[in-house]
Amino acid sequence: MWTEIGKSMTHLLRSPMPLSASALAKRLVVSFPLAQLLHRHTTPKPFCSRMSATPSTSLTHSISLPTQLGQPVQVLAAPGLSDSEFRAAIESSLFRQWLKNLECENGILANGCMTLTQVLIQGVDMFGKRIGFLKFKADIIDKGTGKKVPGIVFARGPAVTVLILLESEGTTYAVLTEQVRVPTGRVVLELPAGMLDDDKGDFVGTAVREVEEEIGIRLKLEDMVDLTAFLDPSTGFKVFPSPGGCDEELGLFLYRGRVDKNIITQLEGKETGCVKNGELIKVRVVPYEKLWHTTPDAKALMAIAIYEMAKKEGLLPQ
């Protein structure tokens, strides 16, 4: 349903939202069942370790997967990775969720045609006390050919994005952000989006927070429409923007509202973002009918596609 945005928004729009050490010579060998590794709601138990008398800087870890019992998977640390980084990587929700995905109904290991033999942890980027990005290489062998399948992984976990449509004086506008995206080498016009901060899977709440931080609009949870909920259950109700190299899965949401024209004027060019985190964001307002050929953002284009199909089939709430 379309939601009236009252005068309270005007106040929000007046101002921007402020928005190894070298490891000891040793060889660490640890092993415990996957069920313990994947338990997401308990504090990880201390590693069981055996120190080697032979000087070495190699860190290793062994895990057992239910789908390939008797074939333990060796997890190794790349040179330069510290003991604490290695431990954090193995215990991270990013790595645990990847292992879980391998053995889900549609997982790579589910039908027994492939086997995971080794994982090399190559890099860790910390966001405060938690791992934000994890880079690793997995050796997965196709039993039919005996060949390894491509297995370089950039893990960043789930994220959300919101297609915001505001109707004013007979025209529907899309609200986007314009910000520096260093990996592309460009300034990109895109939908507001953000990563989930924890393991709880609060996609809707994260979507609302990101919109408030990046746009300056406070949305209500009950007004959000989950576009990915219209997908077939086999998809997991998520989309994968770059599955050839990244595990990121997106929840796409829709918000529709009606506003006075002065709100549209106030939004255009508004500077927002969390400056202390280096976020330099400008809000841009684009007529919805022009959005599909105005932005290079895959999130926006996917959201448009699902929105239009859901509207065509009468699936959207009135």
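Visitor: Let's start with β4. Which strand is joined to β4 by four bridges?
Guide: That's β5: strand β4 (residues 73–77) and strand β5 (residues 114–127) run parallel, joined by four bridges. Q74 has Q118 of β5 as its bridge partner. Strands count as paired if DSSP finds at least two bridges between them.

Visitor: Before we go on, what am I looking at, and how is it numbered?
Guide: It's a predicted model, where local features need pLDDT of at least 70 and side-chain atom pairs count only at pLDDT 80 or more, while totals for chains, interfaces and linings use all residues. Residues are numbered from 1 along each chain as its sequence is written, and side-chain values use heavy atoms, with hydrogens and water left out.

Visitor: Fine. And β5 and β6, parallel or antiparallel?
Guide: Antiparallel, over 12 bridges, with β6 covering residues 130–142. M114 stands opposite D142 of β6.

Visitor: What does G128 do in that hairpin?
Guide: G128 takes a positive phi near 70 degrees, and the hairpin of β5 and β6 has two residues between the strands.

Visitor: How about K135, where is that and what does it touch?
Guide: K135 sits in strand β6. Leaving aside neighbours within four places in sequence, K135 is in contact with L120, I121, Q122, G123, I152 and V153. Contact means heavy atoms within 4.5 Å. K135 counts as partly exposed because its relative accessibility is 31%. The cut-offs are under 20% relative accessible area for buried, over 50% for exposed and partly exposed in between, using a 1.4 Å probe and protein chains only.

Visitor: How far is K135 from F95?
Guide: They are 9.8 Å apart in space, C-alpha to C-alpha, and 40 residues apart in sequence.

Visitor: Zooming out, how many helices and strands does the chain have?
Guide: Eight helices and 16 strands. They're DSSP runs numbered from the N terminus: helices are H or I with at least four residues, strands are E with at least two. Of the 318 residues in the protein chain, 44% are buried.

Visitor: Switching to helices. Which residues of α3 are buried?
Guide: In α3 (residues 83–91), D83, F86, A89 and I90 are buried. They're on the same side of α3 because they cover an arc of only 130 degrees around the axis. The arc is that of the directions from the helix axis to the C-beta atoms.

Visitor: At what angle do α3 and α4 cross?
Guide: Roughly 45 degrees, and the axes of α3 and α4 (residues 93–102) come within 5 Å. That makes α3 oblique to α4. The contact is made by A89, I90 and E91 of α3 and S93, F95 and R96 of α4.

Visitor: How are those axes and angle labels set up?
Guide: Axes are lines fitted to C-alpha atoms, for helices over the stretch in contact, and angles run from 0 to 180 degrees between N-to-C directions. Under 35 degrees is roughly parallel, over 145 roughly antiparallel, 65 to 115 roughly perpendicular and the rest oblique.

Visitor: New topic: β14. How many of its nine residues are buried?
Guide: Eight, so strand β14 (residues 250–258) is mostly covered. Nine bridges join β14 to strand β9 (residues 159–168), and the two run parallel. T161 has L252 of β14 as its bridge partner. Strand β13 (residues 225–226) pairs with β14 in the antiparallel sense over two bridges, with D226 opposite F253.
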